[in-house]
Amino acid sequence: MGVIKKAMTGADAAAEAMRQINPDVVAAYPITPQTPIMHRFAQFVAEGKVKTEFVTVESEHSAMSACVGAATAGGRVMTATSANGLALMFEIVYIAASNRLPIVMNVVNRALSGPINIHCDHSDSMACRDSGWIQLYSENAEEVYENNLIAIKLAERVNMPVMVCQDGFITSHSVESMRVLDDASVRRFIGQYKPKHYLLDVEHPITSGPFDFYDYYFEHKRQQIEAMTKVIPAFYEIVDELGKLMGKHYETVEEYYLADAEFVVVSLNSTAGTVKHTVDELRKQGKRVGALKIRLFRPFPREDIAKYLRGKKAVAVLDRAATFGHVAPLYHEIRSALYEFPDKPRVVSYIYGLGGRDVNLGHITKVFNELESGTAQEENYLGVRDEDEP
Amino acid sequence: MKKKSWKSIPEGGIITTPGNSLKFKTGDWKTHYPEWNKEKCIQCLRCHFLCPEGAIKVKNGKVVGIDLDYCKGCGICADECPVKAIVMKKVGENGSD
Ligand code: SF4
Ligand code: SF4
């Protein structure tokens, strides 16, 4: 037993984690490219492999509403969605966080409409970055699996909901070799969920979701801000425990050849794999290049990021999402995390891959070359057509 | 009721003390309050039946006063009184009635 090697898609990895977690309630509505997660999970329900109450609702707004109800009642609750489904949930996404409910949601990243598109970018989860949810990003199927286990424990430790993001199709539909834990180890790791206050506790009745006027709303928001400061210490306790089981070392970010690197590319999700591969190739040519992958995006691990990026010559931040009217989100936050340090590197932005536009080794090599030669602008676009094809 | 800080209230906006709405005075947001003139009043009880908050206090079939803890200052009573025994006054600058 212990660690078992499997071949799985990112979607299957999420469903496998959900099977082992065996949540009390799952409420979901199908949407591409999330659908294979719930497809596989519905099969587990039908085969009696989980004891979950599986609620097949009529929309994502209802899915998140059912999750809020079930989590308020005291259940361990999970769901999954993508893009427009997440957008339809949005009202309740905020309520889940404000009511401090430890719901775990797999977000299979897909471009938000319009124009309508079903392929990968991060516009959906980035739109939720101020919602009060914790956000974990996953490079590959194994990280999807690990992040689900971390998310359940973290959510219940700090009473906050967690999104586990993976790239639509690129991760969700590609089969990879990955490792999982045996069922018993997972059950021991996540333990029993014992909520402090819950609606079905008839001995200690509570009112949930009451009107909150100008006399208390601000205090509740102040509490949410404070609660986020407890997440990173809790994250480290949890990943230290998981690390012993998986035989791995986890941080809020993953550094790759940063000790002696002069030029660094920062990214989220599957592109981190492409960047690391490019680093390997360029290292063979003797280039001092490295990569930083952001695993925990909310709360933003600015101290860990500054620790790795201070003193570098130049850093390119890759964003698979745009902010209309300002610089791209990850770039904005990385720059702000470095602002106070006198030894901060030059930091530039590359927007890439919107609506599933492919990103390859050639693109990332170009980014490193532009960093090294100093030809990168402050804001750059990777792979967009600037001219008509001849 | 003394207000608590963010450090001492339950998380997530839940209420852990059922029935505590009794302690919540709903009338603290009015800008005008009604003043009742006992001498002018002909005890027709119109104000009592029309007040949306039940704030016109009646004992033994007679108006005896107005409960300003729950009165929201809408002015319906003053508008409906046939003899102008109720007039609306501006709430003081310190927020008192
Ligand atoms: S002002 Fe409105 S709420 Fe107050 S006593 Fe008159 S009718 Fe009732
Ligand atoms: S409506 Fe006027 S007269 Fe009638 S009971 Fe009220 S205060 Fe008195």
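Me: What does Asn109(A) touch, leaving out residues up to four places away in sequence?
Reply: Asn109(A) touches Pro33(A), Cys120(A), Asp121(A), His122(A), Asp124(A), Ser125(A), Tyr137(A), Cys165(A), Gln166(A), Asp167(A), Gly168(A) and Asn269(A). Touching, or contact, means heavy atoms within 4.5 Å. Before we go on: this is a predicted model, where local features need pLDDT of at least 70 and side-chain atom pairs count only at pLDDT 80 or more, while totals for chains, interfaces and linings use all residues. Residues are numbered from 1 along each chain as its sequence is written, chains are lettered from A and ligands numbered from 1 in the order in which they are written, and side-chain values use heavy atoms, with hydrogens and water left out.

Me: Why is Asn109(A) called buried?
Reply: Buried means under 20% relative accessible area, exposed over 50%, and partly exposed in between, using a 1.4 Å probe and protein chains only. Asn109(A) has 0%, so it counts as buried. Its place is in strand β5 (residues 104–109) of chain A. Helices (H or I, at least four residues) and strands (E, at least two) are DSSP runs, numbered from the N terminus.

Me: What makes the link between the side chains of Asn109(A) and Ser125(A) a polar contact?
Reply: A polar contact is a pair of N or O atoms within 3.5 Å; within protein, one must be able to donate a hydrogen and the other to accept it, and residues adjacent in sequence count only if both atoms are side-chain atoms. This pair comes in at 2.9 Å, and so it qualifies.

Me: How do you know whether Glu16(A) is buried or exposed?
Reply: Its relative accessibility is 8%, so Glu16(A) goes down as buried. Glu16(A) lies in helix α1 (residues 10–21) of chain A, and its side chain makes a polar contact of 2.8 Å with that of Arg19(A). Beyond four places in sequence, Glu16(A) also touches Lys6(A), Met8(A), Phe44(A), Tyr145(A) and Val180(A).

Me: What makes α12(A) mostly covered?
Reply: Seven of its ten residues are buried. They are Pro329(A), Leu330(A), Tyr331(A), Glu333(A), Ile334(A), Ala337(A) and Leu338(A). And α12 (329–338) is one of the elements that the buried residues of α11(A) pack against.

Me: How do you know which cavity ligand 1 sits in?
Reply: Ligand 1 sits in the largest cavity. A cavity, on a 1 Å grid over the protein atoms alone, is a set of points where a 1.4 Å probe fits but cannot get out. To sit there, more than half of a molecule's atoms must lie within 2 Å of those grid points. Ligand 2 passes that test too, in the second largest cavity.

Me: What comes nearest to each ligand?
Reply: For ligand 1, of the 13 residues around it, Cys51(B), Cys71(B), Cys74(B), Gly75(B) and Cys77(B) do. For ligand 2, out of 14, it's Cys41(B), Cys44(B), Leu45(B), Cys47(B) and Cys81(B). A residue joins such a group if one of its heavy atoms lies within 4 Å of the molecule.

Notes: On a 1 Å grid over the protein atoms alone, a cavity is a set of points where a 1.4 Å probe fits but cannot get out, and a pocket is an open set with protein on both sides within 12 Å along at least five of seven lines; lining residues have an atom within 4 Å of a point.
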